[in-house]
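Morning, everyone. I'd like to walk you through one structure, contact by contact.

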Amino acid sequence: MDLTAEKTLQKRQQISGYTTNPIFHSNKKEGLSKEKIREIIAKRAAKEFKEGDVVTLGIGLPTAVANYVPENMHIIFQSENGLLGVGKDQNKENIDKRIINAGGGYVEAAYGACFYDSQMAFTMMRGGHIDATVLGALQVDEDGSLASWIIPGKMVPGMGGSMDLVVGAQKVIVAMEHTSKGQIKIVQKCDLPLTAYKEVDLIITERCVFEVTHKGLLMTEINPMFSMEDIKESTGAHFKIAQNLKYMEI
Amino acid sequence: MKRVVSAKDAISLIKDNATIMIGGFLECGAPDLLVDELVKQKTQNLTMISNDTTYPHADKGRLIVNKQVKKLIAAHIGTNPETGRQMESGELDVELVPMGTLIEKIRAKGTGLGGVLTPTGVGTVIEKDKKTMEVDGKKFIFEKPLGADFALIYGTKVDKFGNVSYYGTTRNLNTVMATAAETVIVQADELVDCLDPNEVVIPGLFIDYVVVKGEK
């Protein structure tokens with residue numbers, strides 16, 4: 001670990017009083033609620049978007065990212081089943097089953113949206129026309145490889161469109177809980193079958209943010225509720241700490 | 001003029017051991033009437049090519065539950081636990097293919113190509129036992145074309161010339177599948193005399209039979 005950066009962090013924590021504030025540690029011990037974890041991650045992921053970006057969100061937690069895009073920012077959400085411009089959920093009283101998102105949810109087509117077939121959908125995705133994607137993972141490693149589609153002998157949902165998406169999107173953001181039921185998810189090397197090799201750019205969890213660089217993981221932000229020790233204990237990969245380490249907004 | 005037939009007559013063309021493609025993304029744009037008829041006729045030992053296997057109670061999912069499929073080629077099976085169960089027990093042979101690759105394999109067949117080169121799956125188990133090739137310093141996997149004896153597809157409006165148009169997100173794999181099977185059967189929500197040529201998504205030449213939903 002980069003000692004200078006760690007010292008910088010300690011200094012910052014002293015200044016802000018976080019290390020001496022027991023609330024943060026006790027909160028951590030009791031654990032954050034699932035909702036709060038989702039909120040922290042989704043809110044942070046939404047900050048990665050730029051005005052006009054075309055974004056594809058994965059199913060589950062990543063879908064919640066759409067709720068945190070600033071109102072004055074125009075982001076176009078793409079769905080692999082054939083909708084560019086995913087709108088809000090349909091009114092439950094008047095469902096049109098002919099318009100869905102990739103998770104099978106009934107959605108509206110946003111103003112300016114268009115429909116297309118699967119071939120066009122994957123031309124967008126694999127062809128490099130999607131600015132950013134946010135998706136979950138079972139494991140991510142320090143090379144930026146991720147595993148998300150199979151736990152052999154246990155769970156085989158299939159890869160769906162994730163392999164194409166991750167290979168093609170300009171920016172690949174993994175948004176997931178830091179650990180799963182205590183199991184470490186950020187590892188030195190994925191041991192589950194990969195979804196893609198070295199394609200992840202950013203890892204966002206409720207505890208911290210890692211950039212994947214060609215020299216490995218770089219922690220750029222930390223949730224002030226967690227200490228560096230907490231992160232080290234719950235992370236299986238080597239990582240460095242950025243000189244200008246920031247606090248995540250929680 | 002295309003032959004407008006009943007679901008029963010159209011599906012009776014499909015014999016045991018046939019390879020079939022079925023359109024739809026989950027239940028959206030799935031030819032449910034045609035698949036229901038396939039369930040009714042109990043056609044066996046099918047090889048099924050589809051995006052997914054929906055849910056146990058819905059269209060393609062019922063073919064799995066009824067054990068009419070011996071081999072499945074699909075991108076996602078997570079919504080139907082029965083597919084996973086049969087895969088684990090060895091009753092069903094499942095080949096999982098990345099969605100974009102599945103589509104391009106079908107497209108290659110339909111458009112007369114000898115295969116495609118895709119970056120999807122490089123460095124993963126998908127690459128295993130496949131040829132790879134470097135193009136301008138980037139590695140690609142060679143994927144072969146994929147066709148079928150029959151394609152069962154959905155269309156929102158179909159005209160008497162077989163032209164097909166769509167509403168919403170119902171296009172999905174229907175369009176590409178229409179090009180890659182010996183016999184293509186389209187299930188239409190509505191049969192019209194003649195579509196506005198501007199509306200047509202699948203040109204009529206790809207279609208062999210039209211089945212109208214609501215008519216027996």
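One definition before the tour: buried means under 20% relative accessible area, exposed means over 50%, and partly exposed is in between, with a 1.4 Å probe and protein chains only. By that scale D32(B) is partly exposed, at a relative accessible area of 25%.

Now the ground rules. This is a predicted model, where local features need pLDDT of at least 70, side-chain atom pairs count only at pLDDT 80 or more, and totals for chains, interfaces and linings use all residues. Residues are numbered from 1 along each chain as its sequence is written, chains are lettered from A and ligands numbered from 1 in the order in which they are written, and side-chain values use heavy atoms, with hydrogens and water left out.

Salt bridges next. Side chains of opposite charge can pair when their charged atoms come close. The cut-off here is a side-chain nitrogen of Lys or Arg within 4 Å of a carboxyl oxygen of Asp or Glu. How many salt bridges does the whole structure hold over all chains? The search finds 28.

Back to D32(B). Its partner is K213(B), with the closest N and O atoms 2.9 Å apart. This pair links distant parts of the chain: D32(B) is in helix α2 (residues 32-41) of chain B, K213(B) is in the segment after β12 (209-212) of chain B, and they are 181 residues apart. Helices here are DSSP runs of H or I with at least four residues, strands are runs of E with at least two, and both are numbered from the N terminus. K213(B) is partly exposed, with a relative accessible area of 37%.

Stay on helix α2 of chain B. D36(B) forms a salt bridge with R62(B), and there the closest N and O atoms are 2.8 Å apart. That joins helix α2 to helix α3 (residues 59-65) of chain B, across 26 residues. D36(B) is partly exposed at 29% relative accessibility. R62(B) is partly exposed too, at 29%.

There is also a network. Salt bridges with shared partners join R44(A), E48(A), K171(A) and E221(A).

One more pair, in chain A. E108(A) bridges to K88(A), the closest N and O atoms being 3.6 Å apart. E108(A) sits in strand β4 (residues 107-115) and K88(A) in strand β3 (residues 83-89), so the bridge ties together parts that are 20 residues apart in sequence. Is K88(A) buried or exposed? K88(A) is exposed, at 60% relative accessibility. E108(A) is partly exposed, with 30%.

On to the rings. Rings of Phe, Tyr and Trp (its six-membered ring) pair if their centres lie within 6.5 Å; planes under 30 degrees apart are stacked, over 60 edge-to-face, and the rest tilted. The structure holds three aromatic pairs over all chains. Take F49(A) and F77(A): the centres are 6.4 Å apart and the planes at 75°, so this pair is edge-to-face. F49(A) is in the loop between α3 (34-46) and β1 (54-57) of chain A, and F77(A) is in strand β2 (residues 76-79), 28 residues apart. Both F49(A) and F77(A) are buried.

Then F210(A) and F239(A). Their centres are 5.1 Å apart and their planes at 55°, so the pair is tilted. F210(A) lies in strand β13 (residues 208-213) of chain A, F239(A) in strand β15 (residues 239-247), and 29 residues separate them. F210(A) is buried, with a relative accessible area of 0%. F239(A) is buried as well, at 8%.

One contact runs between chains. R98(A) lies over the face of Y167(B), at 3.7 Å from the ring centre. The test is NZ of Lys or CZ of Arg within 6 Å of the ring centre and within 35 degrees of the ring normal.

Last, the cavity. On a 1 Å grid over the protein atoms alone, a cavity is a set of points where a 1.4 Å probe fits but cannot get out, and lining residues have an atom within 4 Å of a point. The search finds one cavity of 30 Å³ or more. What lines the largest cavity? The lining is I40(A), K43(A), R44(A), K47(A) and E249(A). R44(A) is also in the salt-bridge network. Thanks, everyone.

Methods: On a 1 Å grid over the protein atoms alone, a cavity is a set of points where a 1.4 Å probe fits but cannot get out, and a pocket is an open set with protein on both sides within 12 Å along at least five of seven lines; lining residues have an atom within 4 Å of a point. Grid points are joined across faces, edges and corners, and a volume is the space filled by probe spheres set on the points.
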